[in-house]
Amino acid sequence: MIKAKADAVLITKPVGTEALYDFQIGTNGDILTEDQLDTSILVSLFTDKRATPSQMVSPLRRRGWVGDLETPGDLYGSHLWLFEQARLTATVLARIGGLTKTCLKWMTRDNIATEVTARATVRTSSVDLLVEIKKPNSPAEAHLFALWENSGKG
C-alpha cells in the first residue's frame with residue numbers, strides 16, 4: 001500500500017450525475033503527491049474483496065481482485081459490495097462500519113494511522129459512510145462516502 005506523504009493527489013471530475021477520480025499531474029508530468037490517504041482509502045474500500053464460499057455460494061459471483069491469487073494471505077479490498085442489495089437494518093449498518101474498519105486495519109498495522117473509526121448511517125437517498133483516521137504527528141482525516149446513492153429508485 002501507499003505510505004503517508006506519498007499518496008497521489010486526486011481530482012474529481014463530474015460526469016453526468018456521477019463523479020470520477022483522476023490523478024493530478026504536475027507541470028513536470030509526474031503525478032502529484034501529498035501527505036494524505038485519499039487513494040489508499042479508495043482502493044481499500046472500493047476494491048471488491050473476494051467473498052468466501054459461506055458469503056457467496058456461486059464461485060462465479062464471488063468477485064475479488066485478480067492480484068489476490070498471488071498473495072492469498074494479504075487480500076485487498078472490502079466486502080462492502082456484499083451489502084449492495086441488503087435490507088438496511090441497524091445490524092447491517094454496524095456490519096458495514098465493522099467491515100470498513102477491518103479493510104483499513106492495515107493502516108494501523110503499518111503505523112500510518114494510530115486509530116481508524118467508521119460509521120454507516122442512512123440518509124434519505126443513500127447510505128453514508130464516515131471514516132475518520134487519526135495519524136501520528138499529523139492532523140486527523142475525515143472522509144464521507146455516499147454508498148448506494150438513490151438505491152432502489154430504479
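A: Start with Phe145: at 10% relative accessibility, Phe145 counts as buried (buried is under 20% relative accessible area, exposed is over 50%, partly exposed is in between, with a 1.4 Å probe and protein chains only). This is a predicted model, in which local features need pLDDT of at least 70 and side-chain atom pairs count only at pLDDT 80 or more, while totals for chains, interfaces and linings use all residues. Residues are numbered from 1 along each chain as its sequence is written, and side-chain values use heavy atoms, with hydrogens and water left out.

Now the rings. The structure holds two aromatic pairs. (Helices, H or I of at least four residues, and strands, E of at least two, are DSSP runs numbered from the N terminus.) Phe46 is partly exposed, with a relative accessible area of 39%.

The other pair is Trp65 with Tyr76. These rings are stacked: 4.9 Å centre to centre, 10° between the planes. Both residues sit in the loop between H1 and helix H2 (90-103), eleven residues apart. Trp65 is partly exposed at 40% relative accessible area, and Tyr76 is partly exposed at 26%.

S7 belongs to an open sheet of three strands, in the order S5-S6-S7, with antiparallel pairing. (Two strands pair if DSSP finds at least two bridges between them.) S7 is an edge strand, and strand S5 (115-123) is the other; each pairs on one side only. The twist averages 15° from one strand to the next (axes are lines fitted to C-alpha atoms, for helices over the stretch in contact, and angles run from 0 to 180 degrees between N-to-C directions). Nine bridges join S5 to strand S6 (residues 126-134). Ala118 stands opposite Val131 in S6.

Last, the helices. H1 packs on the sheet and touches S6 and S7 (contact means heavy atoms within 4.5 Å). The direction of H1 makes about 40° with that of S7. H2 lies across S5, S6 and S7, and runs at about 150° to S5.

Technical notes:
Rings of Phe, Tyr and Trp (its six-membered ring) pair if their centres lie within 6.5 Å; planes under 30 degrees apart count as stacked, over 60 as edge-to-face and the rest as tilted.
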